[in-house]
Amino acid sequence: MLVAVIVYSAKERSKHQAMAMAMTGGDPALAPPIFRRYGCGGCHTIPGIPGADGKVGPPLQGLSQRVYIGGVANNSAENLVAWIVMPQQFSPNCAMPATGVSAAEARHLAAYLYAH
C-alpha cells in the first residue's frame with residue numbers, strides 16, 4: 001500500500017493556523033491540554049496529540065476538508081464549535097456524548113482541528 005505524506009513548510013503551517021484562528025476565534029496552541037482534559041483521544045485519533053489514538057469515533061485529521069461534521073451538519077466553524085459542545089443538538093442519537101467542553105474551549109479545539 002502506498003501512503004502519501006504531506007509535508008508543510010513552516011510558512012504554510014503558519015498560514016493554516018492563522019486562517020483557523022480567524023475562522024474560529026480560537027488558538028490552536030491552547031487545544032492539546034483541552035483534548036487531554038476531556039479525554040477526546042480515547043475515542044478519536046487526533047494528529048499531533050500523543051496518545052490520541054481512539055478508534056470509537058472518526059479520526060480527526062483533515063477535518064477542514066470534509067463536507068459534513070458528524071455526517072449531519074455542514075462543515076463550518078460555528079457548527080464545529082456547537083458540535084463539540086453539544087453534538088445531540090444536531091443528531092440526538094449520535095454516539096458522541098455531551099462533552100462538558102465550554103464554547104470558548106471548543107473554539108480552541110476547532111482552531112486546532114482546522115489547522116491540522
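## Buried residues and side-chain pairs

In helix α3, which spans residues 77-85, the residues Ala77, Leu80, Val81, Trp83 and Ile84 are buried. These residues lie on the same side of α3, because they cover an arc of only 160° around the axis. The buried residues of α3 pack against α1 (10-24), β1 (68-69) and α4. The model described here is a predicted one.

**Aromatic pairs**

How many aromatic pairs does a search of the whole structure find? The search gives 2 aromatic pairs. In one of them, the ring centres of Phe35 and Tyr112 are 5.3 Å apart and the planes stand at 75°, so this pair is edge-to-face. Phe35 belongs to helix α2 (residues 31-37) and Tyr112 to helix α4; the pair therefore links distant parts of the chain, 77 residues apart. Trp83 and Phe90 also form an aromatic pair, and this one is tilted, with 6.0 Å from centre to centre and 40° between the planes.

The table lists the accessibility of the residues in these pairs.

| Residue | Relative accessible area | Class |
|---|---|---|
| Phe35 | 3% | buried |
| Tyr112 | 5% | buried |
| Trp83 | 10% | buried |
| Phe90 | 26% | partly exposed |

Phe90 is classed as partly exposed because its relative accessible area of 26% falls between the limits of 20% and 50%.

**The salt bridge**

Side chains of opposite charge can pair when their charged atoms come close. The structure holds 1 salt bridge. In this salt bridge the side chains of Glu105 and Arg37 meet, at 2.7 Å from N to O. Glu105 lies in helix α4 and Arg37 in helix α2, so the pair ties together parts that are 68 residues apart in sequence.

Are Glu105 and Arg37 buried or exposed? Glu105 has a relative accessible area of 15% and is therefore buried, since buried means under 20%. Arg37, with a relative accessible area of 54%, is exposed, since exposed means over 50%.

**The surroundings of Glu105**

Helix α4, in which Glu105 is found, covers residues 103-115. A polar contact of 2.8 Å also joins the side chain of Glu105 to that of Tyr38. Which residues is Glu105 in contact with, leaving aside its neighbours within four places in sequence? They are Ile34, Arg37, Tyr38 and Gly100.

Technical notes: Residues numbered from 1 in each chain as written. Predicted model: local features only at pLDDT ≥ 70, side-chain atom pairs only at ≥ 80, totals over all residues. Heavy atoms only, no water. Helix = DSSP H or I, 4+ residues; strand = E, 2+ residues; numbered from the N terminus. Polar contact = N/O pair within 3.5 Å; in protein donor to acceptor, adjacent residues only side chain to side chain. Contact = heavy atoms within 4.5 Å. Buried < 20%, exposed > 50% of the residue type's maximum accessible area, 1.4 Å probe, protein only. Arc of directions from axis to C-beta. Phe/Tyr/Trp six-rings, centres within 6.5 Å; stacked < 30°, edge-to-face > 60°. Salt bridge = Lys/Arg side-chain N within 4 Å of Asp/Glu carboxyl O.
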